[in-house]
Amino acid sequence: MNITILDDYHDTLRTLPCFARLQDHRVTIWNDHVQDLETLAERLAETEALVLIRERTRIEADLLARLPRLRLISQRSVYPHVDVQACTRHGVILSSNLHADTPSYAAAELTWALVLAAARQIPAQVAAMRAGRWQIGVGATLRGKTFGVYGFGRIGAVVAGYARAFGMRVLVWASSEGRARAREGGFDVAATKAAFFSECDVVSLHMRLTPATRGIVTAEDLAAMKANSMLVNTSRAGLIVPGALVSALDAGRPGSAAVDVYEEEPVADPAHPLLARENAVCTPHIGYVTVEEYDLQFADIFDQILAYAAGAPINVVNPEVLPR
């Protein structure tokens, strides 16, 4: 089977132990990122199974119409970047393991790394030393402060545990089911969403981006935060109303932000509004980008391809396409 993998920026996948699972297939890997229709249609013309790395490339109806040989898209996690209805119309199976039982410890660890980096001004202090300066500011201690977890799912629960280990009070706001899970885990739950944002010293977002959660964090929510508080987002940029975080940082509430996700990715413009602000620590969507996490994720993705090749597709998002 002809398999194509897009957006493997660092040519990492062929080095993973799980890559051996594709040894009986023809695999083409692209290391750059393109969204141009003509280029993608040319690259994927002979592709039967397409591997996507998260949401790096959008797969839309006009592209699918140009790929008559494509039969399977294999990926992991959510799929807002894939036109599922168009896949069904063109007889393309979308397989995606939503890994509901396995938290991304890599993403949780990156969240905590960003919290520490922002609290202790680590990027700015490192840059200052490299420029020949010594101690450019005073950081903040986390112990004894209130850490807010917005969304108490798999990753949020792990991050809450990290905060507790650092001697912080954990306060949760989430869906009714999430709040119930938090109480069961012994964590405090805010009385209201407004109280949550006003009481927390750090607010960390941990929700899937769905139509119901898009823009769930508003300008009013951010304005209610303390002047010395921090907003952390390693989930999805769309959880925050577009432009609201930049405006809030300029207004001084919250006082800082630590961000791994953006409304348009990849971010190639050094003049991006968040990159231009000294009170924002920014990383290039690396929450899940570790060797261990990649091997875990792509073992699932490659197993979906092998299941399709064996005539028994798994984790099928659009099962109505199967009879075709």
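User: Before we start, what should I know about the model and its numbering?

Analyst: This is a predicted model, in which local features need pLDDT of at least 70 and side-chain atom pairs count only at pLDDT 80 or more, while totals for chains, interfaces and linings use all residues. Residues are numbered from 1 along each chain as its sequence is written, and side-chain values use heavy atoms, with hydrogens and water left out.

User: How do I read a helix, and what is the span of α4?

Analyst: Helices (H or I, at least four residues) and strands (E, at least two) are DSSP runs, numbered from the N terminus. The expected span of a helix is 1.5 Å times one less than its number of residues. Here, α4 covers residues 105-119, which is 15 residues, and runs 21 Å from its first C-alpha to its last, close to the expected 21 Å. After α4 comes Gln 121, which has a positive phi near 55°.

User: How many residues of α4 are buried?

Analyst: Buried means under 20% relative accessible area, exposed means over 50%, and partly exposed is in between (1.4 Å probe, protein chains only). In α4, eleven of the 15 residues are buried, and the helix is mostly covered. Among them are Leu 110, Trp 112, Leu 114 and Val 115.

User: Why do residues three or four places apart point the same way in a helix?

Analyst: An α-helix has 3.6 residues a turn, so residues at that spacing point the same way.

User: At what angle do α4 and α6 cross?

Analyst: Axes are lines fitted to C-alpha atoms, for helices over the stretch in contact, and angles run from 0 to 180 degrees between N-to-C directions. The axes of α4 and α6 (residues 154-165) come within 9 Å and cross at roughly 45°. That makes α4 oblique to α6, since angles under 35 degrees count as roughly parallel, over 145 as roughly antiparallel, 65 to 115 as roughly perpendicular and the rest as oblique. The crossing is right-handed; the term applies if the near helix is turned clockwise from the far one by less than a right angle, and left-handed if anticlockwise.

User: Which residues meet there?

Analyst: Contact means heavy atoms within 4.5 Å. On the α4 side, the residues include Tyr 105, Glu 109 and Trp 112, and the α6 residues they meet include Ile 155, Val 158 and Tyr 162.

User: What counts as a salt bridge, and how many does the structure hold?

Analyst: A salt bridge is a side-chain nitrogen of Lys or Arg within 4 Å of a carboxyl oxygen of Asp or Glu. The structure holds 14 of them. In one, Arg 236 pairs with Glu 55, with the closest N and O atoms 2.5 Å apart. That pair links distant parts of the chain, 181 residues apart: Arg 236 sits in the loop between β10 (230-233) and α10 (244-251), and Glu 55 in the loop between β3 (49-51) and α2 (61-64). Arg 236 is buried at 14% relative accessible area, whereas Glu 55 is partly exposed at 24%.

User: Could you show me some others?

Analyst: Gladly. Asp 221 and Lys 193 meet in a salt bridge at 2.9 Å, N to O. This pair, too, links distant parts of the chain, with Asp 221 in α9 (residues 219-223) and Lys 193 in α8 (residues 193-199), 28 residues apart. Asp 221 counts as buried at 10% relative accessibility, while Lys 193 counts as partly exposed at 22%. Arg 58 and Glu 60 form another salt bridge, with the closest N and O atoms 3.3 Å apart. Glu 46, Glu 48 and Arg 69 are linked in a network of salt bridges.
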